[in-house]
Amino acid sequence: MAANLLDYDLEGLALFCERLGEKRFRAVQLFRWIHQKGASDFDAMTDLAKSLREKLKGCADVKSLSVVSQHMSTDGTIKWLFDVGAGDAVEAVFIPESDRGTLCISSQAGCAVGCRFCSTGHQGFSRNLTAGEIVSQLWFAEHFLRKHLGRDERIISNVVMMGMGEPLQNYAELVPSLRVMLDDHAYGLSRRRVTVSTSGMVPMIDRLGQDCPVALAVSLHAPNDALRESLVPLNKKHPIAQLMDACVRYLAVAPRDFVTFEYCMLDGVNDTPELALQLVELLRASGGGLSWCKVNLIPFNPFTASGLTRSSSARVEAFSDVLSRAGVVTTVRKTRGGDIAAACGQLAGDVKDRTGAVVRMHKRRGAAWPGRGLAAVTALVE
Ligand code: SF4
């Protein structure tokens with residue numbers, strides 16, 4: 001089977017070149033053609049020796065995911081649905097702003113964590129994406145946007161791993177894909193502008209800090225274990241105290257001097273002023289102050305199967321006020337791409353419940369099984 005060169009970081013590509021009997025520096029040329037110029041046809045790579053191009057044609061390709069659908073919002077947001085085979089699809093969303101272009105990408109088809117407010121969690125886990133499938137979302141989006149906007153310079157300045165899946169449960173594929181994003185011969189993104197978002201895989205937070213520190217976001221959603229366990233089942237394995245300790249340890253190597261905590265605002269569940277005060281105390285106690293964290297409040301995009309509703313603007317504001325008055329840097333996330341179901345929490349589309357996760361969740365809560373055709377909810381797009 002031909003090797004997909006999107007699977008390789010620069011070191012991997014250098015080893016691949018060596019196996020072909022080529023010098024390692026050829027990998028740099030190849031890497032630039034693929035990632036900086038968006039080339040997938042070896043014949044177009046004109047500064048590579050013809051003999052190498054012929055070798056490559058016999059054993060390799062540059063194979064991007066195929067696009068199932070593309071939706072453009074009136075606000076400039078673009079959502080792509082990519083086919084990953086076996087009836088699975090993953091999503092990526094581009095969010096343009098005046099000072100940056102952010103791409104939110106997926107790391108898994110489905111997700112095993114099963115957060116109650118997330119449609120991907122409700123659909124169950126299907127499989128990990130390969131490094132090439134993760135990188136492919138960036139490769140496709142960057143080069144599509146350059147053509148679409150008629151620009152020759154970099155469009156995507158920020159990548160957030162907040163699409164489908166828990167990135168730290170796909171660690172072996174995540175790390176090489178991050179290295180491609182950061183490599184100056186590829187996309188050259190700043191470590192500060194690549195964010196991994198985790199629901200709290202404590203041991204892997206430490207490993208990420210050692211192997212490839214980038215900006216860290218944590219899906220917190222509750223200030224105490226009892227409530228968090230009901231929203232993010234992983235909390236049973238890695239309770240809040242352990243999670244906070246891991247975040248503080250991560251700061252020593254992080255490219256930013258803060259960790260972002262995501263907090264999805266769920267009406268009557270986690271949005272009271274008392275819980276806001278608990279959150280302040282938790283953050284203060286964990287970091288020995290409040291300068292080490294930012295809280296991002298996220299309006300929930302409701303979907304029937306969750307049994308949850310969005311907090312009113314007044315409740316979000318009241319919660320935000322408590323945090324801000326206490327000195328916590330707090331933002332309320334803007335909803336983007338609402339007209340194309342690409343806003344925060346609306347990503348996945350019509351999904352299959354492969355593992356019966358939704359049925360189990362509803363049984364747990366004593367609620368009726370709502371049937372298939374879940375409206376999308378997943379990623380937290382900043
Ligand atoms: S919020 Fe993230 S970790 Fe939780 S189920 Fe959804 S994709 Fe998985």
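Which residue takes a positive phi in the hairpin of β4 and β5? It is alanine 86, with a phi near 55 degrees, in a hairpin that has two residues between the strands.

Before I continue, two notes on conventions. Residues are numbered from 1 along each chain as its sequence is written. This is a predicted model, in which local features need pLDDT of at least 70 and side-chain atom pairs count only at pLDDT 80 or more, while totals for chains, interfaces and linings use all residues.

Let me begin with the whole protein. It has twelve helices and 14 strands; these are DSSP runs numbered from the N terminus, H or I of at least four residues for helices and E of at least two for strands. Of the 382 residues, 48% are buried. A residue is called buried if 20 or more other C-beta atoms, placed from the backbone, lie within 10 Å of its own, exposed if 12 or fewer do, and partly exposed in between. Among contacts with a separation of 6 or more, 69% come from residues 24 or more positions apart, two residues being in contact if their C-beta atoms, placed from the backbone, lie within 7 Å.

I turn now to the sheet. Ten strands form an open, mixed sheet in the order β3-β4-β5-β6-β9-β10-β11-β12-β13-β14. At its edges are β3 (66-72) and β14 (329-332), each pairing on one side only; two strands pair if DSSP finds at least two bridges between them. From one strand to the next, the twist averages 20 degrees. In general, strands of a sheet pair through backbone hydrogen bonds, either parallel or antiparallel.

Consider β5 within that sheet. Seven bridges join β4 to β5, and the two run antiparallel; here tryptophan 80 stands opposite alanine 92. On to β6, five bridges join β5 to β6, again antiparallel, and proline 96 has glycine 101 as its bridge partner. β5 and β6 also form a hairpin, with two residues between them. Because seven of its ten residues are buried, β5 is largely enclosed by the rest of the structure. Helix α5 (residues 131-149) lies across β4, β5, β6 and β9, and runs at about 45 degrees to β5. For such angles, axes are lines fitted to C-alpha atoms, for helices over the stretch in contact, and the angles run from 0 to 180 degrees between N-to-C directions.

Elsewhere in the sheet, β11 (residues 215-219) and β12 run parallel and are joined by three bridges. Valine 269 counts as buried because 21 other C-beta atoms lie within 10 Å. Its C-alpha atom is separated by 8.4 Å from that of leucine 308, 39 residues apart along the chain.

Next, helix α1 (residues 10-19). Its buried residues are Leu10, Leu13, Ala14, Phe16 and Cys17. They cover an arc of only 160 degrees around the axis, so they are on the same side of α1; the arc is that of the directions from the helix axis to the C-beta atoms. Their cover includes β1 (3-4) and α2 (25-36). After α1 comes glycine 21, with a positive phi near 80 degrees.

Finally, the ligand. It is surrounded by 13 residues, of which the closest are Cys111, Val113, Cys115, Cys118 and Gly121; a residue is near a molecule if its C-beta atom, placed from the backbone, lies within 6 Å of it. By class, this shell has five nonpolar, seven polar and one charged residues. Here Ala, Val, Leu, Ile, Met, Phe, Trp, Tyr, Cys and Pro count as nonpolar, Asp, Glu, Lys and Arg as charged, and the others, Gly among them, as polar.
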